[in-house]
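Me: I would like to learn how to read the features of a model like this one. Please take me through them one at a time.

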Amino acid sequence: TQEAASMKVESFANVWDAIESDPVEVAGLKARSELMIAIIKTVNAWSVDRSEAARRIGITRKRLSNLYKGHVDEFSLDDLVRLASQVGLSVKLQVRSAA
């Protein structure tokens, strides 16, 4: 339709820029999601079921499930740094000018 043809299509560098307009919030979401992905990849490499993975990490099965489901809002950056350490990852923070 003509209406659909006149709609502007926006593109974004990542999903967080598309759903959140506050750059401060976007930075936190990006950091948390990157940590979540790294933790999940590490846990997957263990080739154990999720109950065993949760036991090894020291969290509940429900908490691990929230991690796998991508519930970013359920985890603070501090939580994820601790979890990363518990699965054997080293977290290095890189800070640079936004300009």
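Reply: Start with contacts, where contact means heavy atoms within 4.5 Å. Not counting residues up to four places away in sequence, Asn66 touches Met36, His71, Glu74 and Phe75. Asn66 has its place in helix H5. This is a predicted model, in which local features need pLDDT of at least 70 and side-chain atom pairs count only at pLDDT 80 or more, while totals for chains, interfaces and linings use all residues. Residues are numbered from 1 along each chain as its sequence is written, and side-chain values use heavy atoms, with hydrogens and water left out.

Me: Is Asn66 buried or exposed?

Reply: Buried means under 20% relative accessible area, exposed over 50%, and partly exposed in between, using a 1.4 Å probe and protein chains only. Asn66 has a relative accessible area of 10%, so Asn66 is buried. Of the 99 residues of the protein chain, 25% count as buried.

Me: What secondary structure does the protein chain have?

Reply: Helices (H or I, at least four residues) and strands (E, at least two) are DSSP runs, numbered from the N terminus. The protein chain has six helices and zero strands, and its pattern along the sequence is α-α-α-α-α-α. Among contacts between residues at least 6 apart in sequence, 53% join residues at least 24 apart.

Me: What is the mean pLDDT of the protein chain?

Reply: pLDDT is the predictor's confidence in each residue, from 0 to 100. The mean for the protein chain is 86, and 80% of its residues reach 70 or more. Where pLDDT is low, the predicted coordinates should not be read in detail.

Me: Which residues of helix H6 are buried?

Reply: Helix H6 covers residues 77-86, and its buried residues are Leu80, Leu83 and Ala84. Seen down the axis of H6, these buried residues fall within an arc of 100 degrees, so they line one face of the helix. The arc is that of the directions from the helix axis to the C-beta atoms. The face turned away from the buried side of H6 carries the exposed residues Asp78 and Ser85.

Me: Which helices do the buried residues of H6 pack against?

Reply: They pack against helix H3 (23-45), helix H4 (50-57) and helix H5 (61-68).

Me: Which residues form a nonpolar patch on the surface?

Reply: Patches are made of residues with over 30% relative accessible area and no salt bridge; like charges are joined within 9 Å, and nonpolar side chains (Val, Leu, Ile, Met, Phe, Trp, Tyr) within 5 Å. Accessible areas come from the Shrake-Rupley method with a 1.4 Å probe, and for residues only the protein chains shown count as cover. Here Leu77, Val81 and Val91 form a nonpolar patch, with about 200 Å² of accessible area together. Leu77 lies in helix H6 and is partly exposed, at a relative accessible area of 38%. For the protein chain, the accessible surface comes to about 7300 Å², of which 51% belongs to carbon and sulfur atoms.

Me: How many salt bridges are there?

Reply: A salt bridge is a side-chain nitrogen of Lys or Arg within 4 Å of a carboxyl oxygen of Asp or Glu. By this rule the count is five. One of them joins Arg32 and Glu25, whose closest N and O atoms are 3.7 Å apart. Arg32 counts as buried at 14% relative accessibility, whereas Glu25, at 35%, counts as partly exposed.

Me: Where do Arg82 and Asp79 lie?

Reply: Both lie in helix H6, three residues apart, about one turn of the helix. Salt bridges that share partners join Glu52, Arg55 and Arg56 into one network. Between Arg82 and Asp79 there is a salt bridge, with the closest N and O atoms 3.1 Å apart. In the bridge of Glu52 with Arg56 that distance is 3.2 Å. Glu52 and Arg56 are four residues apart in helix H4, so about one helical turn separates them.

Me: Which residue has a positive phi although it is not a glycine?

Reply: Ser47 does, at about 55 degrees. Ser47 lies in the loop between H3 and H4 and is exposed, with a relative accessible area of 66%. Just after H6, Gly88 takes a positive phi of about 95 degrees.
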